[in-house]
Amino acid sequence: MVLKMEFSKLTSAHIKEVYDIRFSVTENPVHPHQIQYLQRNTVLDDIAQGGGWICKIEDIYVGYGLGIHIPHALIGGLFVRPEYQSMGVGGAILAKITEWFFDCGDTEIELTTDEGSLAEHFYHNRGWQRCGHDDYGQLIMKKRQSI
């Protein structure tokens with residue numbers, strides 16, 4: 001069975017779905033230092049930058065991703081409901097965010113994730129490189145634009 005995925009630019013109208021999807025994931029918990037980034041005004045400001053996409057399958061929003069400049073290019077989140085993982089949703093959203101950054105003139109993108117997580121392997125398999133740890137112990141990964 002082939003699922004029809006519909007991708008849309010993330011807008012402020014999707015804030016409910018952003019929270020629903022974010023809190024549906026089981027592997028990547030919200031760390032205490034990340035709570036500030038989940039404040040409604042912060043999420044709306046990040047969405048307003050224009051680097052986010054959301055995926056819908058049938059009538060269910062199943063994943064979203066958000067690219068932000070703070071001021072450098074950063075994946076501010078990429079989450080897929082557990083029951084829709086390994087179906088290509090995350091990879092498609094990541095490709096859209098990556099293309100957006102490179103179209104904006106960025107040559108390097110950064111993200112943080114939990115070391116040893118499925119997310120780390122997901123990014124590594126797509127060409128992201130480990131680059132140390134942040135002040136909170138999370139793994140920093142980067143991707144450079146191919147020339």
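User: What pattern does the chain follow when read along the sequence?

Analyst: The pattern is β-α-α-β-β-β-α-β-α-β-β, and the secondary structure comes to four helices and seven strands. Helices (H or I, at least four residues) and strands (E, at least two) are DSSP runs numbered from the N terminus. This is a predicted model, in which local features need pLDDT of at least 70 and side-chain atom pairs count only at pLDDT 80 or more, while totals for chains, interfaces and linings use all residues. Residues are numbered from 1 along each chain as its sequence is written, and side-chain values use heavy atoms, with hydrogens and water left out.

User: Why is helix 1 called roughly perpendicular to helix 2?

Analyst: Helix 1 (residues 15–22) and helix 2 (residues 40–48) pack at an angle of about 110°, with axes 11 Å apart. Axes are lines fitted to C-alpha atoms, for helices over the stretch in contact, and angles run from 0 to 180 degrees between N-to-C directions. Angles under 35 degrees count as roughly parallel, over 145 as roughly antiparallel, 65 to 115 as roughly perpendicular and the rest as oblique. Helix 1 is therefore roughly perpendicular to helix 2.

User: Which residues make the contact of helix 1 with helix 2?

Analyst: Helix 1 contributes Ile-15, Val-18 and Tyr-19, and helix 2 contributes Arg-40, Val-43, Leu-44 and Ile-47; contact means heavy atoms within 4.5 Å.

User: How do you know that Glu-110 counts as buried?

Analyst: Buried means under 20% relative accessible area, exposed over 50%, and partly exposed in between (1.4 Å probe, protein chains only). Glu-110 has 18% relative accessibility, so this residue counts as buried. Glu-110 is found in strand 5. Leaving aside neighbours within four places in sequence, its contacts include His-72, Ile-75, Trp-128 and Met-141.

User: What makes a set of residues a nonpolar core, and which residues have the most contacts inside the largest one?

Analyst: A nonpolar core is a set of buried Ala, Val, Leu, Ile, Met, Phe, Trp, Tyr and Cys residues joined through side-chain atoms within 4.5 Å. The largest has 24 residues, and Ile-75, Tyr-123 and Trp-128 have the most contacts inside it. Helix 3 gives the most to this core, with seven residues.
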